[in-house]
Amino acid sequence: MKVFIKTYGCQMNERDSEAIGALFVKAGHTLCDSEYDADVLLFNTCSVRDAAERKAKGKIGFMRKLKLKKPDLIIGVTGCMAQRLGDQLLAELPHLDFVLGTGQIHKALETTEKIAADRRKIADTAVDPGEIDMLGEHGKNSWSAQIAITRGCNRFCSYCIVPYVRGREVSRSQESILSEARQLVDQGVKEILLLGQNVAAYGLNGDIRPPADGFSPFAELLEALNKIPGLARIRYTSPYVSYFNDRLISALASCKKVCHNIHLPLQSGSDRILQAMNRQYTAQSYREKVAQLRAAVPDLTFSTDVIVGFPGEEESDFALTRELMNEVGFEQAYIFKYSPRPGAKSALLADTVSEEEKLRRNNILLDDLEKRISARLAGLTGTVQEVLCEGVSARNEARWTGRTDTNFVVHFEPDDKVKTGDLRQVKITRSGSVSLFGELI
Ligand code: SAH
Ligand code: SF4
Ligand code: F3S
């Protein structure tokens, strides 16, 4: 069978889609890039904002016409929206064949085969923590790979649906992660991205109290990965600010392969809003943590997530967010307009900020960010950066693209030696609005 997989949402979902695809390939099926060539359509969905669900439902709804033309087509929905809505989706979208929640995605292949045999619809959203190691399959070889090290989340930020759709936080064993990493490196992988909803809580058995000073299983994992010969870079996303204790900070400083870039979700710069969000830190403690991290790793760059228009967010709260963002000087930021999620606690609060006002606040932060990024990039002209070469640039075939360990994108003209996955020195000659340009040296 030819299988088309479309992914919505976060990197964890991308990773899951890759593993599902690999399971199909292992069983002799092929993956394809167009829904019109496929015998099986899989939509791996997201629930984090209403827009994410609407987008997926729109696309799946559109596939009804295709199914009318090709009645044997099998259409399945997996992931977070599948978990949230379950068999309600079968009722809403009658041309669907199956719905598998986040605890059942490892059964996508057997479910598809069952449906091909008897055409009976299936909806399964049962929780199955047994799947944690079953999604270790990877797709085609590349210089970079993602490894999911934890699943689920226990933090219950009041706006967030993830703990409800991804279930309780579980960590994989260190041995299983290391063996997956070694295998990937043997296949040519140079960079590993560790994934978890609350990645620095790795190994804490779901305890929501950040670890005491001196103790961090996540730091131990980074140290073990840092020793793998042939691996060049280690990245991770997303950590929660309170988990950066002395132990973890010193591991970041001493592990040469761990990249100098942290995605550190802030959400808001107002203590009142942070508290209503059930985020267990204040603007001041966030600020102090950033300073501690910078003291240990001076060229560290930061990116973040921010929500504008949380219930009750006044102009003064927004001003605090804007101020803190400018003060930290994030090199990248993802700004989201608050979206009430049925089932999450904050959905019980009135959505007080109008859509226009959310958009206005969103645009102000984006504007600040754009200015900051271009100034920051301009400041790097004339420097020499070590770049991990990723391959031909998507925008201009004459150029290659790479990334610094601080996560800046660099475009350069290739020489005859350059290979994907190489670490090369690049002299930065000019900057653009989102990336750098340079010459190999
Ligand atoms: N586990 C990650 C976040 C996953 S969701 C972490 O905690 O770091 C990614 C981002 O989506 C969040 O950081 C938050 O900024 C945003 N988000 C989550 N729920 C949202 C909602 N209901 N409305 C708007 N943005 C939301
Ligand atoms: Fe959601 Fe908070 Fe968990 Fe991140 S830490 S997934 S924002 S509940
Ligand atoms: Fe979306 Fe689920 Fe990820 S809700 S952000 S796909 S964990």
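Mentor: A residue is near a molecule if one of its heavy atoms lies within 4 Å of it. Keep in mind that this is a predicted model.

Trainee: Which residues are around ligand 2?

Mentor: Around ligand 2 you will find C153, R155, F156, C157, Y159, C160, V162, P163, Q197 and R279. That shell divides into seven nonpolar residues, one polar and two charged.

Trainee: And which residues surround ligand 3?

Mentor: Ligand 3 has C10, N13, C46, S47, V48, C80, R166 and Q197 around it. Here the division is four nonpolar, three polar and one charged.

Trainee: Let's move to helices. How should I read a packed pair?

Mentor: Two packed helices are described by the angle between their axes and the distance between the axes. Take helix α1 (residues 11-26) and helix α6 (residues 108-118): their axes come within 9 Å and cross at roughly 55 degrees. The two helices are therefore oblique to each other.

Trainee: Which residues meet there?

Mentor: I20, L23 and F24 in α1 meet A108, L109 and T112 in α6. Five residues of this contact are nonpolar, one is polar and none is charged.

Trainee: What about aromatic rings?

Mentor: Rings pair if their centres lie within 6.5 Å, and the count here comes to seven aromatic pairs. In one of them, Y281 and Y286 have ring centres 5.9 Å apart and planes at 40 degrees, so the pair is tilted.

Trainee: Is Y286 buried or exposed?

Mentor: Y286 is buried, with a relative accessible area of 0%. Its ring also pairs with that of F330, with centres 6.3 Å apart and planes at 55 degrees, so this pair is tilted. Y240, Y243, Y281, Y286 and F330 form one aromatic cluster.

Definitions and conventions: Residues are numbered from 1 along each chain as its sequence is written. Chains are lettered from A and ligands numbered from 1 in the order in which they are written. This is a predicted model: local features need pLDDT of at least 70, side-chain atom pairs count only at pLDDT 80 or more; totals for chains, interfaces and linings use all residues. Side-chain values use heavy atoms; hydrogens and water are left out. Axes are lines fitted to C-alpha atoms, for helices over the stretch in contact, and angles run from 0 to 180 degrees between N-to-C directions. Helices (H or I, at least four residues) and strands (E, at least two) are DSSP runs, numbered from the N terminus. Angles under 35 degrees count as roughly parallel, over 145 as roughly antiparallel, 65 to 115 as roughly perpendicular and the rest as oblique. Contact means heavy atoms within 4.5 Å. Ala, Val, Leu, Ile, Met, Phe, Trp, Tyr, Cys and Pro count as nonpolar, Asp, Glu, Lys and Arg as charged, and the others, Gly among them, as polar. Rings of Phe, Tyr and Trp (its six-membered ring) pair if their centres lie within 6.5 Å; planes under 30 degrees apart count as stacked, over 60 as edge-to-face and the rest as tilted. Buried means under 20% relative accessible area, exposed over 50%, partly exposed in between (1.4 Å probe, protein chains only).
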